[in-house]
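The following exercises are to be worked with the sequence and the model side by side. Each task is followed by a solution in steps.

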Amino acid sequence: MTDDIHRVVLSWREQGIALLPGLAVDEIRDLAKEARINLSSDIELLYTLCGGMPKGTVDANWFELWPLKRALQDSINFPNLLIPFAEGFLSAQLYCFRVENATNASIHMDFSFDGNSTREIAPSLDAMCGLLLDSPSALCLP
């Protein structure tokens, strides 16, 4: 299921949150190939719906979704196949993808900003998007 991925992007648009244009699947795959990272289809879906948020843009919960290129570049410094892709400004934490298979990425929270102090917070990107909308405190957001 990817309903909550669609729902969170729609919510951002309805709130007037600045979003970068979505990327073509081929562009997403080229960026991933260049970074030597395999992405799951749920990550590809998110970045086709929106290309992330401009730097410094946050939603009502102080959540910032990074552009894919930044996420892939920053993943070079992270262990355990983690790909940092967003941050929460008030609680100072990173959110990281961990690609589990071709269709699904689990989401891990990192308070150390180096990938060495993480815990899984959602079994899938879709589940994390649902929490972002319905229970942001579960993601340490206001």
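**Exercise 1.** How do the residues of the lining of the largest pocket divide into nonpolar, polar and charged?

*Solution.* The model is a predicted one. Begin with the lining itself: R36, I37, N38, S75, F78, L81, L82, I83 and V99 surround the largest pocket. Sorting these residues by type gives 6 nonpolar, 2 polar and 1 charged. The space in this pocket amounts to about 160 Å³. One of the lining residues, R36, follows helix α2 and has a positive phi, near 60°.

**Exercise 2.** Is E44 buried or exposed?

*Solution.* First locate E44, which belongs to helix α3 (residues 41–49). Its relative accessibility is 10%, and because buried means under 20%, E44 counts as buried. Leaving aside residues up to four places away in sequence, E44 is in contact with V25, I28, R29 and L39. Of these contacts, I28 is one of the buried residues of α2.

For contrast, take I76, in the loop between α4 and β2 (82–88). With a relative accessibility of 69%, I76 counts as exposed.

**Exercise 3.** How many aromatic pairs does a search of the whole structure find? Describe the stacked pairs W12–F63 and F85–F97.

*Solution.* The search finds 3 aromatic pairs. In the pair formed by W12 and F63, the rings are stacked, at 6.2 Å centre to centre with 20° between the planes. W12 lies in helix α1 (residues 3–15) and F63 in strand β1 (residues 63–65), so that the pair links parts of the chain 51 residues apart. Both W12 and F63 are buried.

F85 and F97 are likewise stacked, at 3.8 Å centre to centre and 10° between the planes. This pair links strand β2, which holds F85, to strand β3 (residues 93–99), which holds F97, across 12 residues. F85 counts as buried at 1% relative accessibility, and F97 counts as buried at 1%. To complete the picture, ring pairs join W12, F63 and Y95 into a cluster.

Notes:
Residues are numbered from 1 along each chain as its sequence is written. This is a predicted model: local features need pLDDT of at least 70, side-chain atom pairs count only at pLDDT 80 or more; totals for chains, interfaces and linings use all residues. Side-chain values use heavy atoms; hydrogens and water are left out. Helices (H or I, at least four residues) and strands (E, at least two) are DSSP runs, numbered from the N terminus. Buried means under 20% relative accessible area, exposed over 50%, partly exposed in between (1.4 Å probe, protein chains only). Contact means heavy atoms within 4.5 Å. On a 1 Å grid over the protein atoms alone, a cavity is a set of points where a 1.4 Å probe fits but cannot get out, and a pocket is an open set with protein on both sides within 12 Å along at least five of seven lines; lining residues have an atom within 4 Å of a point. Grid points are joined across faces, edges and corners, and a volume is the space filled by probe spheres set on the points. Ala, Val, Leu, Ile, Met, Phe, Trp, Tyr, Cys and Pro count as nonpolar, Asp, Glu, Lys and Arg as charged, and the others, Gly among them, as polar. Rings of Phe, Tyr and Trp (its six-membered ring) pair if their centres lie within 6.5 Å; planes under 30 degrees apart count as stacked, over 60 as edge-to-face and the rest as tilted.
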